[in-house]
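Please walk through this structure with me, one region at a time. Keep the sequence and the model side by side.

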Amino acid sequence: MALKKAVLFWTFTSVLWLGSIFVNGEGSEDVVFPPTLLPSEPGLPVGHLLPLGYQREPEGPVKEYTQPLTPTEFWEQHAREPYVPLVYRQAIAKAPAVANWQSDDYIREKYGDLDVLIEKKIEDRHHPVRLRMPLSEFLDNYHHKQWYVVSLLPDPMRAEMQVPRSLLCGNFRDSILESNLWLSSGGTRSVLHYDADHNIHCLISGRKDFIMIDNKYGDKLDLADKKKSGSGFTHMNVDKVDLVKNPEVAEVPWTWATLKPGDCIFIPSRYFHQVRSYGRSVAATIMWDPFAEFNDSDCATRDIDTYTAFNEVKLQWTYKKGDKVIDMGYMNVEIIRKTFLTLMKEEDMEKFTPELLAILYEHNILDEDEGEELGEEDMEHVRKVFSVMDKDKKGYITAEEIQAMDIETLKRVARGIEEAHGPIGEDPGPRDEL
Ligand SMILES: *[C@@H]1O[C@H](CO)[C@@H](O)[C@H](O)[C@H]1NC(C)=O
C-alpha cells in the first residue's frame, strides 16, 4: 500500500511539474527553481529521467553581489584561476535597453532592418541549423516558430546597453571579443556545455535559470569529443537525465542562479552551464578571452563609476548593417599575431613565409589528421591567406610588419583560418529548415 502511494505521488507530482514547464515555457513566474527533489520510483535512482537538477540537492546559489566589484576585485576573486562564477544584481539596471526592449514594436522600429542569426530554441549540437534574417522578420514570426536569435549584438543596439562596472579598466576593457544578442519567446534550453571565453550574460527582459558546474567534473558528464577550440558539451538530455546510463551525474555538485531583467551572471571560461528561459526573453552577453596577468595600469585614472554605454568601449568582432558576414564565435585575433611571432622565434626565422603559415595549418586546422602534409589545394588556400598579409607581394613578411598589422587584416586572416561561422550574405534562403 505504501509503495503504491509513493508511485501515485511520484506520478502525480511529475505530471504537475512537467505540465508547468513543458506546455509552452510561458507564464514563467511560478516555475520553481531550483527544484525540490521527488521521491524516486521503486528501484530507480532519484531524479532518473527528470530534468537536470532533480538528481541531487544544489550546493547553493551562485555567489551574489548587489554592487559590481571593482575590476581589480573581480580579477582577484573571480576572473583568475580558479575561476568562480558570480551574479551581479541590477548591474545594468540603468541601461535604456532594460526599459525599451520590453517592446517588440520598439525593437522593430529602431533595429528591424539589422540582420541576426537564428537557431532552434531547443539546442541540438548534433544537427545545428543557423539562418540569417532581418530582426523584423524574426519579430513577425517568433511567437509561432521555434526560432531563437543567437547572434552578434548589432552595433547600433550597443548604445542602449551598459558595460558592468567590473570591466571598465585594465585588460578587461581592452579584451572584449564580441557581444551576443539572445532573443526568444521562451522555453529555450541549452545543452550542458562550456565555452572557451569568459562571459558576462546580462538579462534585459524575462527570466533565465542557470545550472553551473565546475569543469573538474567533466569526466562524470558524458562529454562529447573535446574540441580543439577549448569549448565542449555533454550528450546529456537535460530534460530527461538517464541515471541508469550515467549514474555519476548524481555525484556532481552544482550551483544555481535565476536572473531577472537588469541582472548579470559571470560564466567563467570552461565552466559548465545549462540555461533555460521562460517567457519572452532578451539578453546580451559580453565575451573575452581569459588572460593570465591583470594589467591595472589605467585603473587609477579611469572613472568606473560613471555610467558607460557599450558603444564607448571597443570590441574585436562586430556587425553593422551591410556587413557581409556576421562573425560569431571567432578567435581573439591577437593570438594570431602572437602565434606568428612565437613560431618565427622557435623556427629561428627572420621572415614569416607561406611555409611557416602552412605549419600552423597542419597543427591547428587539420587536427584530425595531425602530422599529415597539406595537399596542393590546401597550400593554395594557405598562399591566398598569406597574400592578405603580404601587401607589397614580397613573398614574406617581417616581425615588424606582424607587430604593426592592423586588426582588420588579422580578422581577414582569422576568417581564412577558421571556417565562416554561419550564413554569409543577405538572404540564405528557405526558412522552413527551422
Ligand atoms: C599595461 O597597459 C598599458 C596600457 O593601459 C600599457 O601601456 C602597458 O605597456 C601595459 N603593461 C604591460 C606590462 O603590459
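The residues lining the second largest pocket divide into eight nonpolar, seven polar and eight charged. Here Ala, Val, Leu, Ile, Met, Phe, Trp, Tyr, Cys and Pro count as nonpolar, Asp, Glu, Lys and Arg as charged, and the others, Gly among them, as polar. The model is predicted: local features need pLDDT of at least 70, side-chain atom pairs count only at pLDDT 80 or more, and totals for chains, interfaces and linings use all residues. Residues are numbered from 1 along each chain as its sequence is written, and side-chain values use heavy atoms, with hydrogens and water left out.

The lining of this second largest pocket holds 23 residues. Nearest its centre lie Asn 171, Asp 174, Ser 175, Asn 332 and Glu 334. A pocket is defined on a 1 Å grid over the protein atoms alone, as an open set of points where a 1.4 Å probe fits, with protein on both sides within 12 Å along at least five of seven lines; lining residues have an atom within 4 Å of a point. The second largest pocket has about 500 Å³ of space. That volume is the space filled by probe spheres set on the points, with grid points joined across faces, edges and corners.

Which elements supply at least two residues each to this lining? They are α7 (170-174), β7 (176-184) and α8 (333-346). Helices (H or I, at least four residues) and strands (E, at least two) are DSSP runs, numbered from the N terminus. α8 gives the most, with four residues. Why does the second largest pocket lie between domain 1 (60-330) and domain 2 (333-417)? Both domains give residues to its lining, so it lies between them. The domain bounds come from an automatic or database domain assignment.

β6 and β7 pair in the antiparallel sense over four bridges. Two strands pair if DSSP finds at least two bridges between them.

Strand β4 (residues 115-120) pairs with β6 in the antiparallel sense over three bridges. Ile 118 stands opposite Val 149 in β6. Four bridges then join β4 to strand β5 (residues 131-134), again antiparallel. There Val 116 stands opposite Met 133.

How many residues of β6 are buried? Six of the six residues of this strand (residues 147-152) are, so β6 is largely enclosed by the rest of the structure. Buried means under 20% relative accessible area, exposed over 50%, and partly exposed in between (1.4 Å probe, protein chains only). Five of the six residues of β4 are buried, so β4 is largely enclosed too. β13 is mostly covered, with 17 of its 17 residues buried.

β13 has a further partner. 14 bridges join β9 to β13, running antiparallel. Ile 200 has Ile 286 in β13 as its bridge partner.

A disulfide is a covalent bond between the sulfur atoms of two cysteines. The cut-off used is a pair of cysteine sulfur atoms within 2.5 Å. The structure holds two disulfides.

Cys 202 and Cys 264 form one, with sulfur atoms 2.2 Å apart. This pair links distant parts of the chain: Cys 202 sits in strand β9 (residues 198-213) and Cys 264 in strand β12 (residues 264-267), 62 residues apart. The link is right-handed, with 105 degrees about the S-S bond. Cys 202 is buried, with a relative accessible area of 0%. Cys 264 counts as buried at 1% relative accessibility.

Cys 169 and Cys 299 form a disulfide with sulfur atoms 2.0 Å apart. Here too, distant parts of the chain are linked: Cys 169 lies in the loop between α6 (155-158) and α7, Cys 299 in the loop between β13 (272-288) and α8, 130 residues apart. This link is right-handed, with 95 degrees about the S-S bond. Both Cys 169 and Cys 299 are buried. With the bonded cysteines numbered in sequence order, the pairing is 1-4, 2-3.
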